[in-house]
Amino acid sequence: MASRRPVGVDGPLFKQALLGSLNWLAANHEEVNRLNVFPVPDGDTGTNMLLTLQSAVEDIKESNAAEVSKIAKLASHGSLMGARGNSGVILSQIFRGFARAVEGKSSLTPRELAAAFEEAANAAYRAVNKPTEGTILTVAREAGRAATTAAGDVEASVPGVIAAAAAGARAAVLKTPSQLQILRDAGVVDAGGFGLQLIIEGMLKTVEESESFHIDTAATKPRRSPWTCLRAGGATAQSSSSRATASTST
Amino acid sequence: MIDKDEMSTSGQLTWNVAELYHGLSMASKTPTALGQAQRWGRIEVFTSAVAAIAGHAALSCYGVTGMSARGLRDGVAELLRRESVDRGVEVVEVESGLAIDLYVIVQYGMRISEVAHNLQETVKFEVERAVNVPVVEVNVNVQGVKEERR
C-alpha cells in the first residue's frame with residue numbers, strides 16, 4: 001500500500017483540531033439552537049455548547065505544548081470552568097474523560113485516539129444516574145464505538161479514525177428521533193448530539209487539511225445537512241425518519 | 001377569590017367554579033391553582049404529588065447523583081432512594097404560584113453552579129408542564145458532592 005508516515009495526534013495537531021471544532025460549531029450553532037426541544041425547549045443548546053467550547057479553547061490558544069495530554073488537560077479545565085447549560089456540562093465531562101484517557105501521553109496512535117473517544121463517552125455516562133438515550137450521550141458513545149472499530153483495521157490512520165467517529169456520530173444523530181419521543185413529535189434530531197457531531201466534524205476538517213496526513217479520499221464522503229430534511233417535514237415520525245435515512249444514502 | 005375554608009393543612013387549595021371559568025389564564029391572577037373545579041367534580045393536586053414530579057425531574061438532570069433528605073443528619077447528607085425522592089423536595093404554595101426547594105447531591109468534577117442552574121430550568125419546566133401552575137422559585141440546595149463510580 002501507499003507508504004504512510006505513522007503520524008499520531010500530538011499537542012499541536014490536537015490544538016488545531018479543537019480550533020477547527022470551534023470554527024465549525026460557531027458556523028452552525030444557530031442550527032443547533034433551532035433543534036433544541038429537550039430537556040427544556042429554550043433554543044440555547046448551540047450557544048451553550050459554543051460558549052463552553054470557546055472556554056475550553058481559550059487557554060489552548062496560547063499554549064505551545066507538544067504533548068497531547070497537556071492540551072487535553074487545558075481543554076478539560078477550560079470546559080469545566082466555562083460549562084454552560086446541560087449540553088455544556090456534558091461536553092465538559094467528555095473533555096474530562098478524554099483528558100484522563102490521554103494522561104501522560106505525548107502523542108496518540110489511531111488506536112489510542114479511539115480508546116480516548118470511548119473513554120470520553122464513558123465519563124459522560126458515569127455522571128448521570130438515569131441516562132436518556134437519543135441524546136448527546138448516545139452520540140458520544142456511538143462515535144467512540146465507530147472509532148474503535150476503525151482503529152482495529154491494520155491500515156488504521158488518525159484521519160480514518162476521526163472520520164469513522166464523525167460518521168458514527170452522524171448516524172447516531174439521525175437515529176435520535178427513533179429513541180426519543182419528544183424529538184419524534186417535534187420532527188427534529190437531538191440538538192446536543194448534533195452539536196457533538198459538528199465538533200468531531202470540525203476536527204476531521206482540520207486533520208484532513210493538515211499536511212502531515214495523506215488522505216484517503218474514499219473515507220471522506222460528501223456531507224449533506226441531516227437536519228434540514230427532518231425539520232422540513234416535521235410532521236410524522238415515520239416519514240421524517242425515513243426521509244432522514246434517504247438523505248444519508250445520497 | 002380563594003375559598004379559605006377549603007384550605008387544608010396539607011396545603012392544597014380548592015377553586016371556585018365561577019372563578020375558574022373567568023380566569024383561566026395561568027400567569028395572571030390565578031395564584032395557586034393546584035385545585036381546580038371542573039364540571040364533573042374537583043381536581044386537586046397535592047403538593048406531595050408536585051414534590052414527586054419535581055424530584056423525578058431533578059433526578060433526570062445531568063450531574064445530579066440523587067436527592068438528599070431535607071436537613072443534614074449528624075452533618076451528613078443522606079442519599080435518598082428513588083422511591084422517596086420527594087423527601088428531598090419541599091413545595092410551598094405562594095401568592096403567585098409554587099416555590100420549590102430541592103435538596104440534592106451532585107457528581108464530583110462538574111461546575112456545580114451550572115448543574116444547579118440546569119436543575120432550576122428543568123424542574124420549573126417539568127412541573128409547569130405537569131400541573132400547569134407557574135413555578136416562581138426553584139431553590140437548589142447542594143448538600144453533598146459524590147465521587148464518581150468507576
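This report describes the two chains of a predicted model, their contact, and selected local features.

## Basis of the model

The model is predicted, so local features require pLDDT of at least 70 and side-chain atom pairs count only at pLDDT 80 or more, whereas totals for chains, interfaces and linings use all residues. Residues are numbered from 1 along each chain as its sequence is written, chains are lettered from A and ligands numbered from 1 in the order in which they are written, and side-chain values use heavy atoms, with hydrogens and water left out.

## Chain A: overall architecture

Chain A comprises eleven helices and two strands; helices (H or I, at least four residues) and strands (E, at least two) are DSSP runs, numbered from the N terminus. From the N terminus on, the order of these elements is β-α-α-α-α-β-α-α-α-α-α-α-α. Of the 250 residues of chain A, 54% are buried, where buried means under 20% relative accessible area, exposed over 50%, and partly exposed in between (1.4 Å probe, protein chains only).

A separate distance concerns Lys205(A) and Trp24(A), which lie 181 residues apart along the chain with their C-alpha atoms separated by 8.8 Å. Lys205(A) belongs to helix 9 (residues 191-209) of chain A and is partly exposed, with a relative accessible area of 32%.

## Helix 7 of chain A

Helix 7 of chain A covers residues 158-179, and its 22 residues should span 32 Å at 1.5 Å a residue; the end C-alpha atoms are 31 Å apart, which agrees. The expected span is 1.5 Å times one less than the number of residues. Helix 7 of chain A is mostly covered, with 16 of its 22 residues buried.

At the start of helix 7 of chain A, a side-chain oxygen of Ser157(A) comes to within 3.0 Å of the backbone nitrogen of Gly160(A). Further along, helix 7 of chain A bends by about 25 degrees at Val173(A), and a proline, Pro177(A), follows within four residues. The bend at a residue is the angle between axes fitted to the seven residues ending there and the seven starting there.

## A buried serine in chain A

Ser79(A) lies in helix 3 (residues 68-81) of chain A and counts as buried, at 0% relative accessibility. Apart from neighbours within four places in sequence, Ser79(A) is in contact with Thr52(A), Ser55(A), Ala56(A), Ser92(A) and Phe95(A).

## Chain B: overall architecture

Chain B contains three helices and six strands, arranged along the sequence as α-β-β-α-β-β-β-α-β. Buried residues make up 44% of its 150 residues. Of the contacts in chain B with a separation of 6 or more, 61% are between residues 24 or more positions apart.

## The interface of chain B and chain A

The contact involves 26 residues from chain B and 26 residues from chain A. Together the two chains bury about 2200 Å², 46% of it on carbon and sulfur atoms; buried area is the accessible area (1.4 Å probe) that two parts lose on being put together, summed over both.

Eight residue pairs are in polar contact across the interface, both residues being at pLDDT 80 or more. A polar contact is a pair of N or O atoms within 3.5 Å; within protein, one must be able to donate a hydrogen and the other to accept it, and residues adjacent in sequence count only if both atoms are side-chain atoms. On the side of chain B that touches chain A, helix 2 (47-59), strand 3 (64-67) and helix 3 (112-131) of chain B each supply at least two residues. Helix 3 of chain B gives the most to that side, with eight residues. Zero salt bridges are counted between chain B and chain A.

## Salt bridges within the chains

The count over all chains comes to ten salt bridges, each a side-chain nitrogen of Lys or Arg within 4 Å of a carboxyl oxygen of Asp or Glu. In chain A, Glu119(A) forms a salt bridge with Arg126(A), the closest N and O atoms being 2.9 Å apart, and both residues are buried. Arg141(A) and Glu142(A) also meet in a salt bridge (3.4 Å, N to O); Glu142(A) is partly exposed, at 21% relative accessibility.

In chain B, a salt bridge joins the side chains of Arg129(B) and Glu126(B) (3.0 Å, N to O). These residues are three apart in helix 3 of chain B, so about one helical turn separates Arg129(B) from Glu126(B). Arg129(B) counts as exposed, at 52% relative accessibility. Elsewhere, salt bridges that share partners join Glu133(A), Arg141(A), Glu142(A) and Arg145(A) into one network.

Methods. Contact means heavy atoms within 4.5 Å.
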